[in-house]
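Work through the following exercises with the coordinates open. Each task is followed by a stepwise solution.

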Amino acid sequence: CVHTENCFVPTSEIIAVEETEPNNKQRNIGKWQKMAKPHAFTVYYVKKARNHRWRCSDVTFWCVDEHLCNQWIQALKELLEVQKSRPKQLLVYINPYGGKRQGKRIYEQKVAPLFSLASISTDVVITEHANHAKDNLFEVNINKYDGVVCVGGDGMFSEVMHGLIGRMQKDSGIDQNNPKAPLVQCNIRIGIIPAGSTDCICYSTVGISDPVTSALHIIVGDCQPLDVSSVHHNNTFLKYSVSLLGYGFYGDILKDSEKKRWMGPMRYDYSGFKTFLSHHYYEGTISFQPAKHTLGSPRDKDSCRTGCYICKKSEQQLAEQQKECGLKHEEDEEEWKVIKGKFLAINAVNMSCACPRSPKGLSPAAHLADGSADLILVRKCSRLDFLRYLVRHTNQDDQFDFSFVDVYRVKSFQFTSKLSEDNESNVTDIGKKRFGQFCRDHPACCCNIANSSWNCDGETLDSSAIEVRVHCQLMKLFARGIEENCKDEAAYSQSSVEQLL
């Protein structure tokens, strides 16, 4: 079997193998002219480019012996069959309205041909209204699919995630309204084809917002576990969060931008600038349980990467901790730390929240699957200091190196605003005990400060008083985390089938 170039690719990154009919142009090249009837097959494979971008490339092999050619095709196809993690049947939801309204075009032109090449069959649903995908996931026969793909932005992903996790809990008889309920893990993977105005989750788990790259991660059957936070108020389930829960600055930006949807994506810049100038701070009390099972800390330089050691070890330690101590340990009063103050921003992130504008994100060392969230408290400070803090998100400097910024790695937390505490003394029984003395420290005239609202993965929550719990590796994505940059990417792509041929 002969080919003009030297090719080297892991079998796990072969997309498909097909018999090829050599055309006249190919047959006129060199030694092939002497062949009466050359036989050929083409191997389609993942070619890695810069900045985590993947592309589909191909290489054709010719030989004079038809039987030998067929043997190679059969052997390679059998190798692909052994790759059990690869999906064969997918359920696809396309949001035709999100972002720049390109979801349907992106899927049909860039993604569907790749799925077809890889012999993946799909059932496609074009969503017609909000929560269409979420509602549909409660009705379909979910067991016939190897995964669910959402074409859209973070909002579309959130809808599919809520539908899948909700369906799993319903089928298992779990009450989502119980904040202490141990949730059932969701084993059906979600694939994200980015086509929105914000694709933070895709960027933070793949390293780039690119439809072809994401489609190839789905085809090769990658799997990345993901922590999910549940958000409750007064024993009522509100939302799940996988990226940002933000009160104060980020909550105010979202609330203001919602009124300006006609501006398109530019509304976030406008609302951000307006919110920065208003410089509102909010008074309240936050209590949290430190994540003692995790190996790392938010001030580490260790970013979460493919095959992350910290995520694996933290998952094992959390499982051992829960096995030894049971649920009593979870509610142990001594485990909670309480902080009262005036805050410009309270952010809880399950991942770095990196995006093109902020390549390191809100918390550069946050991990995707370690069973914890990073809680960032930005206390009341001058407008200039707050600007200095915000600018740090766009460069390489340590954004936690300020006297007015505190960061903690937590497994659960509760927040009540000053206003909420005065009006609602029943957040939870624990909340009553913990926050009961708060208002005695302040005269009644200080209690008329307006509340902010919570930004939960880009959606506004109605209640400011919330209870949040991180569920370790509750769901899985078709991703592998962000890969370390190849030292010599150019050489890698040239020496592109692992010692197959």
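Buried means under 20% relative accessible area, exposed means over 50%, and partly exposed lies in between. The model is predicted.

**Exercise 1.** Determine whether Aspartate 457 is buried or exposed, and describe its backbone.

Solution. 
1. Locate the residue: Aspartate 457 sits in the loop between strand S15 (454-456) and strand S16 (459-461).
2. Read the backbone: its phi is positive, about 50°, although Aspartate 457 is not a glycine.
3. Apply the cut-off: Aspartate 457 has a relative accessible area of 10%, so it is buried.

**Exercise 2.** Describe how helix H9 and helix H11 are arranged.

Solution. 
1. Geometry: the axes of H9 (residues 266-278) and H11 (residues 383-391) come within 10 Å and cross at roughly 145°.
2. Contacts: Phe276, Leu277 and Ser278 of H9 meet Arg383, Phe386, Leu387 and Leu390 of H11.
3. Composition: the residues of this contact are five nonpolar, one polar and one charged.

**Exercise 3.** Characterise the largest nonpolar core.

Solution. 
1. The largest nonpolar core has 65 residues, and Tyr93, Phe157 and Met475 have the most contacts inside it.
2. Helix H5 (residues 154-171) gives the most to this core, with seven residues.
3. Leaving out residues up to four places away in sequence, Phenylalanine 157 touches residues including Cys150, Ile190, Leu226 and Met475.

Terms used. Residues are numbered from 1 along each chain as its sequence is written. This is a predicted model: local features need pLDDT of at least 70, side-chain atom pairs count only at pLDDT 80 or more; totals for chains, interfaces and linings use all residues. Side-chain values use heavy atoms; hydrogens and water are left out. Axes are lines fitted to C-alpha atoms, for helices over the stretch in contact, and angles run from 0 to 180 degrees between N-to-C directions. Helices (H or I, at least four residues) and strands (E, at least two) are DSSP runs, numbered from the N terminus. Contact means heavy atoms within 4.5 Å. Ala, Val, Leu, Ile, Met, Phe, Trp, Tyr, Cys and Pro count as nonpolar, Asp, Glu, Lys and Arg as charged, and the others, Gly among them, as polar. Buried means under 20% relative accessible area, exposed over 50%, partly exposed in between (1.4 Å probe, protein chains only). A nonpolar core is a set of buried Ala, Val, Leu, Ile, Met, Phe, Trp, Tyr and Cys residues joined through side-chain atoms within 4.5 Å.
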